[in-house]
Amino acid sequence: MTSTPDLGPASPAALRKPVRAPRGTGPQKTPGKLPGGSPRKTSGKTSRHPYLTALSTARARTGLVLVGAVVLAGLLAPLLAGHGPTDQSALSLAAVGTPGHPLGTDDLGRDLLSRVLYGIRADLGIIAIAVPVGAALGCLFALAAATHPVADTIVQRIFDLILAFPGLILALAVTAILGPGRLPVVLVIALAEIPAFGRLLRGGILVQREREYVTAARVGGSSGPRVLVRHILPNAADPLIVQVAVSLTVAVFIEGAMSFLGVGVRPPEPTLGSVLSQSMPYLAQAPHFAAGPLITVTALVLGLSLIAEALNREVRR
């Protein structure tokens, strides 16, 4: 049996001396956080939103420059155009660089630069209305499908019915009922975009429903609609940003195709598709007739495609 040695009474200095804990037994500090859990300020840099990071890439910046240049040209059309889009002159099919007509004139002596600029303006106005309308209707259908299996079946059949009509047949059918003009073009683009947004959001909702945070919210007493709107929808809506860029590209093609076929905006109001359509009989005689709308459509579609690809890469990480 061993006896513990008596060290005697502790001195006042020893009582005042702090006792250090052995190494490795104290609270563990998380890098970048203070002991209280609040984030520690690092070198003054703040984390950016993933989409801002995606838009800062070289690919996205190139797309933004192309799209921005086209949009700016359309918005400033009244200032940049030296003539009205329907003003005629005696210079039929004038060449590029003709005084007063930098891009030449068309078969009726109308300034091509003015017609291209105002065509951009008309196209952007149609697209800016049609795509948000189609996106909103598609998202509403997806939310309705998430409420009940019967509603889901009905919504899916609606999507199938819209997709059963090819784009050209849908455009001709709508135009046959309403006649040519802006409204049929907007309606056709909106209808074409409803299944794209609806199915994308519906798929995201089905995936997010199985996550643990949804179960926790339901156990916590949140109602079904509250869980859907407050928890599931914000996490399922990320791919919709990419779909907006893709849908804008599709809308440019739909509007151009309808105007090219003569079932879009009524002449003499110019659109990029109608100017391109009018240039077809004169390609050999005056190739500059088609150059303006072709370059503009190419720049717009290429820019939107680059932006969509950059955003899609960020979403898939």
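View 1. The side chains of R313 and E309 meet in a salt bridge, with a nitrogen-to-oxygen distance of 3.3 Å, in what is a predicted model. Both residues belong to helix 13, which covers residues 288-315, and they are four residues apart, about one turn of the helix. R313 has a relative accessibility of 49% and therefore counts as partly exposed, while E309, with a relative accessible area of 32%, is partly exposed as well. The pair is part of a network of salt bridges that links R59, E309 and R313. A search of the whole structure finds eight salt bridges.

**View 2. D160 forms salt bridges with R157 and with R199.** In the salt bridge between D160 and R157, the closest N and O atoms are 2.8 Å apart. These two residues both lie in helix 6 (residues 149-163), where they are three residues apart, about one turn of the helix. The side chain of D160 also meets that of R199 in a salt bridge, at 2.4 Å from N to O. Because D160 lies in helix 6 and R199 in helix 8, this pair ties together parts that are 39 residues apart in sequence. D160 is partly exposed at 29% relative accessibility, R157 is partly exposed with a relative accessible area of 48%, and R199 counts as partly exposed at 34%.

**View 3. Helix 5 packs against helix 8.** Two packed helices are described by the angle between their axes and by the distance between those axes. For helix 5 (residues 112-145) and helix 8 (residues 182-209), the angle is about 40° and the axes are 6 Å apart. Helix 5 passes helix 8 in a right-handed crossing. The residues of this contact divide into 20 nonpolar, three polar and three charged. The two helices belong to a protein chain that has 13 helices and zero strands.

View 4. The peptide bond that runs from P267 to P268 is cis, and its omega angle is near 10°. P267 has its place in the loop between helix 11 and helix 12, and P268 is found in that loop too. With a relative accessibility of 65%, P267 counts as exposed, because exposed means over 50%. P267 and G181 are 86 residues apart in sequence, and their C-alpha atoms are 9.1 Å apart in space.

**View 5. L93 has a positive phi angle.** The phi angle of L93 is near 55°, a positive value in a residue other than glycine. L93 is found in the loop between helix 4 (77-80) and helix 5. Its relative accessible area is 17%, so L93 is buried, a term that means under 20%. In the protein chain of 317 residues, buried residues make up 36%.

View 6. L161, F165, L168, I169, L172, F260, L261, M280 and L283 make a nonpolar surface patch of about 800 Å². The largest share of this patch, three residues, comes from helix 7, which covers residues 167-178.

Conventions:
Residues are numbered from 1 along each chain as its sequence is written. This is a predicted model: local features need pLDDT of at least 70, side-chain atom pairs count only at pLDDT 80 or more; totals for chains, interfaces and linings use all residues. Side-chain values use heavy atoms; hydrogens and water are left out. Patches are made of residues with over 30% relative accessible area and no salt bridge: like charges are joined within 9 Å, nonpolar side chains (Val, Leu, Ile, Met, Phe, Trp, Tyr) within 5 Å. Accessible areas come from the Shrake-Rupley method with a 1.4 Å probe; for residues, only the protein chains shown count as cover. A salt bridge is a side-chain nitrogen of Lys or Arg within 4 Å of a carboxyl oxygen of Asp or Glu. Axes are lines fitted to C-alpha atoms, for helices over the stretch in contact, and angles run from 0 to 180 degrees between N-to-C directions. A crossing is left-handed if the near helix is turned anticlockwise from the far one by less than a right angle, and right-handed if clockwise. Ala, Val, Leu, Ile, Met, Phe, Trp, Tyr, Cys and Pro count as nonpolar, Asp, Glu, Lys and Arg as charged, and the others, Gly among them, as polar. Buried means under 20% relative accessible area, exposed over 50%, partly exposed in between (1.4 Å probe, protein chains only).
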